[in-house]
Amino acid sequence: MSEKELKILTLFKKIEQGNKSAFNELFGLYYHKLLCLAMQYVKNLESAEEITSELFVKLWLKRANLPRVSNPQIYLYTSIKNACLNLIRSEKRRKLIFSPWSTAKPSVEPAMVTDVSGLVDQELFRLLNEAVAGLPEQRRMIFIMIKEDGLKSKAVAEIMGVSIRTVENQLYKAVKSLADTLSTYLGYHPQAKKVRNTAAQRVLSFFL
């Protein structure tokens with residue numbers, strides 16, 4: 001079990017015991033990630049926010065059931081996906097599926113920002129975060145779930161309802177795109193040469 005998996009599992013156990021600090025920490029770690037995933041499905045910020053908030057409310061109210069969850073990360077992402085699909089089906093049933101969807105982009109920052117703050121080369125990480133934010137939605141989510149959350153391709157494929165091959169292809173394209181973008185700033189291609197400082201070493205981890 002990875003360090004991140006162990007951490008979220010620990011938070012789930014604390015939440016099950018009624019620990020509000022653990023709940024707040026989980027909310028801070030996953031709200032924006034789950035909101036981005038919800039946006040990918042419902043294409044509407046208000047609906048995505050409602051679905052994401054409801055998930056956390058249900059998680060707290062039904063915290064006694066949390067010990068049954070074996071993989072919290074997959075549980076969170078899958079819950080959001082299912083809630084979005086339920087909403088879409090509900091909209092179809094009410095024949096409102098063709099009502100105008102909001103085209104507004106989510107005003108959320110990639111969750112990666114919190115992981116890299118405080119490092120020496122802020123400019124490098126700013127460029128990386130901008131490049132990640134500029135990826136197509138599906139590609140961005142796959143990149144974040146695998147490179148930041150440490151999920152396996154099979155788990156991401158299950159969560160997003162796509163094939164493992166699609167996940168791997170999208171991840172490859174994301175990594176190549178980010179490496180190409182950062183190569184100008186670095187003066188070398190991060191997939192081709194050894195890194196030269198701590199900040200770049202952290203960035204390189206996303207390309208391995």
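Predicted model: local features only at pLDDT ≥ 70, side-chain atom pairs only at ≥ 80, totals over all residues.
Biologist: Where is the place of Lys43?
Modeller: Side-chain values use heavy atoms, with hydrogens and water left out. Helices (H or I, at least four residues) and strands (E, at least two) are DSSP runs, numbered from the N terminus. With that settled, the place of Lys43 is in the loop between α2 and α3.

Biologist: And what is the phi of Lys43?
Modeller: Lys43 is partly exposed, because its relative accessible area of 37% falls between the cut-offs for buried (under 20%) and exposed (over 50%), with a 1.4 Å probe and protein chains only. Phi of Lys43 is positive in a residue other than glycine, near 55 degrees.

Biologist: How many helices does the protein chain have?
Modeller: Read along the sequence, the pattern is α-α-α-α-α-α-α-α-α-α. That goes with zero strands, and the number of helices is 10.

Biologist: What share of the residues of the protein chain counts as buried?
Modeller: The protein chain exposes about 11600 Å², of which carbon and sulfur atoms supply 53%, with areas from the Shrake-Rupley method and, for residues, only the protein chains shown as cover. Of its 208 residues, the share that counts as buried is 45%.

Biologist: Thanks! Why does Thr52 count as buried?
Modeller: Thr52 is found in helix α3, residues 45-61. Leaving aside neighbours within four places in sequence, Thr52 is in contact (heavy atoms within 4.5 Å) with Tyr31, Leu34, Leu35, Ala38 and Ile80. Thr52 counts as buried because its relative accessibility is 0%.

Biologist: Which residue's backbone oxygen does the side chain of Thr52 reach?
Modeller: A polar contact is a pair of N or O atoms within 3.5 Å; within protein, one must be able to donate a hydrogen and the other to accept it, and residues adjacent in sequence count only if both atoms are side-chain atoms. For the side chain of Thr52, the distance is 2.7 Å, and the backbone oxygen belongs to Ala48.

Biologist: How far apart in space are Leu29 and Ile8, C-alpha to C-alpha?
Modeller: Leu29 lies in helix α2 and is partly exposed, with a relative accessible area of 34%. Beyond four places in sequence, Leu29 touches Lys7 and Leu11. Leu29 and Ile8 are 21 residues apart in sequence, and their C-alpha distance is 9.3 Å.

Biologist: What covers the buried residues of α8?
Modeller: Those buried residues are Ala155, Val156, Ala157, Ile159 and Met160. Just after α8, Gly161 takes a positive phi of about 70 degrees. The cover of the buried residues includes α2, α4, α7 and α9.

Biologist: Last one: which element has the lowest mean pLDDT?
Modeller: The mean pLDDT of the protein chain is 80, with 78% of residues at 70 or more. Over residues 96-105, pLDDT stays under 50, and the model has 10 contacts there beyond four places in sequence. Among the elements, α3 has the highest mean, 94, and the lowest, 48, belongs to helix α5.

Notes: Residues numbered from 1 in each chain as written. Areas by Shrake-Rupley, 256 points an atom, 1.4 Å probe, with all protein chains shown as cover. pLDDT = per-residue confidence, 0-100.
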